[in-house]
Amino acid sequence: MQRRHFLQSGSALGGMGLISGCATVGGKGPKVVVIGGGYAGATAAKYIRMWSDYGIQVTLVEPNSTFISCPISNLVIGGSKTMADITTPYDNLVKRHGVQMVQDRVTSIDADKRVVKLAGGAELTYDRLIVSPGVDFMWDSLPGMTKPGAQDKVLHAWKAGAQTVALRKQLEAMPDGGVFAMSIPLAPYRCPPGPYERACQVADYFSKAKPKSKVLILDANDDVTSKGPLFKKAWTERYKGIVEYRNKHNVTDVDVATNTLKFEFNDDLKASVLNVIPNMRAGDIAVKAGLATANKRWCDVDFLTFESKVAKNVHVLGDAIQIAPAMPKSGHMANQHGKTCAAAVVALLTGQQVNTMPIYNNTCYSFVSSEDVVHVASVHAYDADKKTMLAVPGSGGVSSAANELEGRYAMAWARNIWADTLA
């Protein structure tokens with residue numbers, strides 16, 4: 001598979017039919033409400049409008065005024081990119097595609113009545129609902145982080161935005177010779193290689209600005225969960241004496257007053273700057289609505305349509321779902337979810353046949369410096385017998401080594417997927 005062809009969308013369409021209409025908000029036609037304007041939700045909103053020939057009404061509910069990309073956000077922490085570089089307005093979804101944007105938060109879902117209630121007091125009715133809430137954090141596993149002010153001091157920065165900037169400022173304020181300690185939760189979590197890329201970005205900054213400082217990676221997992229040999233090569237060769245990796249370090253609490261981490265089996269550890277990435281689950285609204293049926297963390301779905309297995313006419317996308325084998329929780333995969341679901345929703349609302357052979361692909365780039373990059377890629381096809389997506393044998397693969405050419409590919413990937421989702 002050539003990585004630059006990753007955004008092809010034909011496989012999702014199958015036997016989907018089109019209905020006529022004009023690109024205007026309101027009017028007649030079935031109603032779809034989308035909760036969450038991330039990679040999955042925004043993609044689904046756009047493609048439902050396009051693939052229905054603008055005959056299906058789509059309302060996108062999103063509390064943020066702009067789209068901020070989690071992929072590439074580690075470069076803001078490292079200092080080679082700014083927040084402006086990873087921020088895109090939602091304007092084109094409205095102007096070009098007639099998506100009705102509502103800047104608000106959904107507080108409840110009534111699947112029987114097909115109504116969602118908003119924090120602002122309004123109610124929206126729907127024929128099909130798409131829930132794409134991303135992840136929220138399991139703070140109850142870290143009692144110290146539930147104390148007032150704790151989450152403002154010890155940051156996760158795992159949702160790109162204000163905490164991304166705040167963590168960068170903490171690194172800038174840290175004295176040379178200090179220790180940056182980052183904890184990684186047990187998988188599954190959003191973006192498997194993301195924490196290791198972040199360690200590289202911080203190490204790259206330290207190597208240039210604070211060469212006496214250290215990066216300490218405290219991983220609850222048995223080993224690096226993605227691109228392990230490539231990351232370890234970067235740590236031992238590029239950042240020798242700066243990065244230290246420790247596996248099987250499961251954080252059980254944080255003493256915020258003293259910047260101290262406590263572990264299940266290891267000694268307490270104090271650092272100058274803590275970056276605690278907590279255990280994750282589906283976003284709050286999915287849990288509250290009873291959609292998180294897999295260990296009360298993730299949402300089980302039908303991979304042909306992404307319809308919830310417990311709520312009719314409700315589809316769940318992106319990081320919130322119980323993933324198929326070898327399927328990462330990534331921005332690229334969320335984009336694929338959005339297209340597959342969009343095609344299925346249009347088919348279901350127009351009496352057409354849903355595609356029974358969807359194929360998804362995934363590419364994930366990781367910056368091991370401000371310029372050099374490694375990647376992992378995969379292709380996933382539906383297995384009718386097992387009723388799940390399985391990785392296609394022999395597809396994809398990983399980089400042989402980090403290089404600057406892949407850095408250019410990575411930025412092209414980012415520009416293309418932002419356009420594919422939002423333009």
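**Figure 1. Asparagine 295 in the loop between α9 and β19 of the predicted model.** Asparagine 295 belongs to the loop that runs between α9 (284–288) and β19 (314–316). Its phi is near 55°, a positive value in a residue other than glycine. With a relative accessibility of 70%, asparagine 295 counts as exposed, because the cut-off for that class is over 50%.

**Figure 2. The loop between β11 and α7, with proline 188 and cysteine 191.**

**Figure 3. Packing of helix α2 against helix α10.** Helix α2 (residues 39–51) and helix α10 (residues 331–349) pack with their axes 7 Å apart and at an angle of about 35°, and the crossing in which α2 passes α10 is right-handed. On the side of α2, the contact is made by Tyr39, Ala40, Thr43, Ala44, Tyr47, Ile48 and Trp51. On the side of α10, the contact is made by Gly331, Ala334, Asn335, Gly338, Lys339, Ala342, Ala343, Val345 and Val346. Sorted by class, the residues in the contact of α2 with α10 comprise 11 nonpolar, 4 polar and 1 charged.

**Figure 4. The second largest pocket and its lining.** The space in the second largest pocket amounts to about 210 Å³. Its lining is made up of 17 residues, and of these Ser226, Ala326, Pro328, Asn362 and Val376 lie nearest the centre of the pocket. Two elements, β20 (359–367) and β21 (373–383), are those that give two or more residues to the lining of the second largest pocket, and β21 gives the most, with 4 residues. By class, the lining of the second largest pocket holds 11 nonpolar residues, together with 5 polar and 1 charged.

Note on methods
Residues numbered from 1 in each chain as written. Predicted model: local features only at pLDDT ≥ 70, side-chain atom pairs only at ≥ 80, totals over all residues. Heavy atoms only, no water. Axes fitted to C-alpha atoms, helices over the stretch in contact; angles between N-to-C directions. Left-handed = near helix turned anticlockwise from the far one by under 90°. Contact = heavy atoms within 4.5 Å. Nonpolar A, V, L, I, M, F, W, Y, C, P; charged D, E, K, R; others polar. 1 Å grid on protein atoms, 1.4 Å probe; cavity = no way out; pocket = protein on both sides within 12 Å on 5 of 7 lines; lining within 4 Å. Points joined across faces, edges and corners; volume = space filled by probe spheres on them. Buried < 20%, exposed > 50% of the residue type's maximum accessible area, 1.4 Å probe, protein only.
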